[in-house]
Amino acid sequence: MRLLAVFLAVVVSLSACTDRYDDVNAATVYLTDSPADYTGLRVKLASVELYSDVQGAWIALNTISAEIPVMTLVNGKMLPVASSDALPAGSYSQARITFRPEAVLLVGTEEKTLTIDAGDAVVTLPVELGIEGKREPLLLDFDIAASVVESGDDYQLRPVVSWVDLSAEGLVQGSVVKSTSELVGTPVWITAETADGVRYSTYSEISGPFCLRLPAGDYTLTFTPSTASGIGAKSQPITIADRGVTDLGLVNLSTAP
């Protein structure tokens, strides 16, 4: 199963496009991801909360999106799912996400109902967020490969979510050149793997562009076309710097072995 990274970005502003909230403490939670072996996943959020160290209490955000079409949010696309425009100033050390029991997984064209046990529906995780009237993102990673559990024809959702330190993040981007007819109209699976086997992945857009957010470090980046194309995988080393952009330009897969 391939890794699906989903990001919940908490921004200290109700809207990044509006200046009138600059002098208040506000937060918006966004959702974005990169896909896995499945063709669709819809989850529902019951609540999103942040733990205020100053208040010593959980602060609930307002849920914006009732149902999240997780796998439509690829290559940097984000969807606001919860927000608050009046958070108490100070530090926040935990996030708590509660999922509703209704979730649907699309495998090919077939819909599978995912059950979520009550104990798995609430995910609490450590984060580092300081709110002092300025915009600061909080990024969480949702691992679909670890979250979707198969048992025969039955599927369960056990959400696995972790915090991503944006100060140590960068991204790789480019566009896959599909110069052979076998590649036209199909996305390409792109993986970045560390020397110790930690893997991140995404798909290119049908038209070729891709981007993948990664922690700073060295990776082997591999482009894998569909098996039906008959085109082999192509790999190359990359280095990701803190807050840096590694632009690969055009990546031609027709020359892959």
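Three strands make up an open sheet here, in the order β19-β16-β22, and the pairing in this sheet is mixed. The strands β19 (209-215) and β22 are at the edges with a single partner strand each, so one side of each has no neighbour in the sheet. On average, neighbouring strands of this sheet are turned by 20° against each other, direction ignored. Please keep in mind as you look around that this is a predicted model.

Let us look at one pair in that sheet. Strand β16 (residues 169-177) pairs with β19 in the antiparallel sense, over seven bridges. If you want a place to start in the viewer, find G174, which stands opposite F210 in β19.

**A second open sheet**

Another open sheet has four strands in the order β18-β17-β20-β21, and its pairing is antiparallel. Which strands stand at the edges of this sheet? They are β18 (199-203) and β21 (234-240); each has a single partner strand, so one side of each is left without a neighbour in the sheet. Neighbouring strands are turned by 25° against each other on average in this sheet, direction ignored.

T222 is a handy landmark: T222 is the bridge partner of T191 in β20, and S235 is the bridge partner of T222 in β21. A further pair to look for is L221, which stands opposite Q236 in β21.

| Strand pair | Sense | Bridges |
|---|---|---|
| β16 and β19 | antiparallel | seven |
| β9 and β10 | antiparallel | five |
| β10 and β14 | parallel | two |

**A hairpin and its neighbour**

Strands β9 and β10 form a hairpin with two residues between them, and G108 in the turn has a positive phi of about 70°. The two strands run antiparallel and are joined by five bridges, with β10 covering residues 110-115. Within this pairing, T113 in β10 is the bridge partner of V104. Strand β10 also pairs with β14, this time in the parallel sense and over two bridges. There, L114 stands opposite Y155 in β14.

**What is packed inside**

L114 turns up again in the largest nonpolar core, which has 34 residues; V43, L50, F99, L114, L140 and L157 touch the most other members. Among the elements that give two or more residues to this core are β3 (40-52), β8 (90-99), β9 (103-107) and β14 (154-157). Apart from this core lies another of 15 residues, including V176, A192, L214 and L253.

Q94 is found in strand β8. Is Q94 buried, partly exposed or exposed? Its relative accessible area is 27%, so Q94 counts as partly exposed. Although Q94 and E49 are 45 residues apart in sequence, their C-alpha atoms are 8.4 Å apart in space. Leaving out residues up to four places away in sequence, Q94 touches E49, L50, Y51, W58, T124, L125, P126 and V127.

R243 lies in the loop between β21 and β22 (245-252). This residue has a positive phi of about 55° although it is not a glycine. In general, most residues other than glycine have a negative phi. R243 is exposed, with a relative accessible area of 64%.

**The whole chain**

Stepping back, the chain has two helices and 22 strands. Of its 257 residues, 46% count as buried. Among contacts with a separation of 6 or more, 69% join residues 24 or more positions apart. The chain exposes about 11800 Å², and carbon and sulfur atoms supply 51% of that area.

How confident is the prediction? The chain averages a pLDDT of 76, and 75% of the residues score at least 70. Over residues 1-24 the pLDDT is below 50, although this stretch has 106 contacts in the model beyond near neighbours in sequence. Where pLDDT is low, the predicted coordinates should not be read in detail.

How values were computed
Residues are numbered from 1 along each chain as its sequence is written. This is a predicted model: local features need pLDDT of at least 70, side-chain atom pairs count only at pLDDT 80 or more; totals for chains, interfaces and linings use all residues. Side-chain values use heavy atoms; hydrogens and water are left out. Two strands pair if DSSP finds at least two bridges between them. Axes are lines fitted to C-alpha atoms, for helices over the stretch in contact, and angles run from 0 to 180 degrees between N-to-C directions. A nonpolar core is a set of buried Ala, Val, Leu, Ile, Met, Phe, Trp, Tyr and Cys residues joined through side-chain atoms within 4.5 Å. Buried means under 20% relative accessible area, exposed over 50%, partly exposed in between (1.4 Å probe, protein chains only). Contact means heavy atoms within 4.5 Å. Accessible areas come from the Shrake-Rupley method with a 1.4 Å probe; for residues, only the protein chains shown count as cover. pLDDT is the predictor's confidence in each residue, from 0 to 100.
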